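Subject: Structure for you, with notes on the packing

Hello,

Here is the structure for your next look. Please open it alongside these notes.

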Amino acid sequence: MLLACCGSHRWARRVAAHRPYPTVEALLAAADEAAYDLTSGDLAEALAGETPAALADRGGLSVHTALRAAHAHYESRFGHAFILALDEATAADPAAALDQTLAALRERLGHDADEESAVTAEQLRRLCRSRLLRAFEPARSPDRAGSITPGLPRGTQAVSRRYDGRGRWTVPGRA
């Protein structure tokens, strides 16, 4: 499931190594940290599995022809698929999604390789976050307060643990 969110095996191993996560927010924090630590090779591995998202049939033939041409130009220039993390409101509006995608393609085609690598890494991190949220959204319920782990067995007590942001879980009061 993690590899479906991000195609980097290193990212998926790092996120999986610290489970179970007590909340979705803890999972997202760990995913962000793992994404910030991706090397250029890890980024290339993740981008190899990405394909441009199909946009709704809006804008007519000329708009879609321009979009396909811009994608092809981007791929030939940077060697990987163009990725863009749209916020929920923009993604829900096909015309806005198309406009934002075309604008981002035009802007990013003006970047040099280093600048585009940094922008692409940030877009990938945002995509991973949104994919994780979608994957765990059904597990959220009002009575669970964002927990993504199953309830405790009867007769047991919860142990308070915190993710320290450096890959370790800590229990307050214990060394």
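Predicted model: local features only at pLDDT ≥ 70, side-chain atom pairs only at ≥ 80, totals over all residues.

**Cores.** The largest nonpolar core has 26 residues. Trp11, Val15, Leu124 and Leu132 touch the most other members. Two or more residues each come from helix H1 (2–5), helix H2 (9–17), helix H3 (24–36), helix H4 (40–48) and helix H8 (113–136). H3 gives the largest share, eight residues. A second core is separate and has 11 residues, among them Phe78, Phe82, Leu84 and Leu98.

Leu124 is worth a click. Beyond its neighbours within four places in sequence, Leu124 is in contact with Cys6, Leu38, Leu43, Ala46, Glu50 and Ile83.

**H2 with H3.** The two axes come within 9 Å and cross at roughly 145°. The crossing is right-handed. H2 brings Trp11, Arg14 and Val15 to the contact. H3 brings Leu27, Ala30, Ala31, Glu33, Ala34 and Ala35. By class, that is seven nonpolar, no polar and two charged residues.

**H4 with H8.** Here the axes come within 11 Å and cross at roughly 60°. H4 and H8 are therefore oblique to each other. Their crossing is left-handed. Leu43, Ala46 and Leu47 of H4 meet Ser117, Thr120, Ala121 and Leu124 of H8. This contact has five nonpolar, two polar and no charged residues.

Best wishes

Note on methods
Residues numbered from 1 in each chain as written. Heavy atoms only, no water. Core = buried A, V, L, I, M, F, W, Y, C linked by side-chain atoms within 4.5 Å. Buried < 20%, exposed > 50% of the residue type's maximum accessible area, 1.4 Å probe, protein only. Helix = DSSP H or I, 4+ residues; strand = E, 2+ residues; numbered from the N terminus. Contact = heavy atoms within 4.5 Å. Axes fitted to C-alpha atoms, helices over the stretch in contact; angles between N-to-C directions. Left-handed = near helix turned anticlockwise from the far one by under 90°. Nonpolar A, V, L, I, M, F, W, Y, C, P; charged D, E, K, R; others polar. Parallel < 35°, antiparallel > 145°, perpendicular 65-115°, else oblique.
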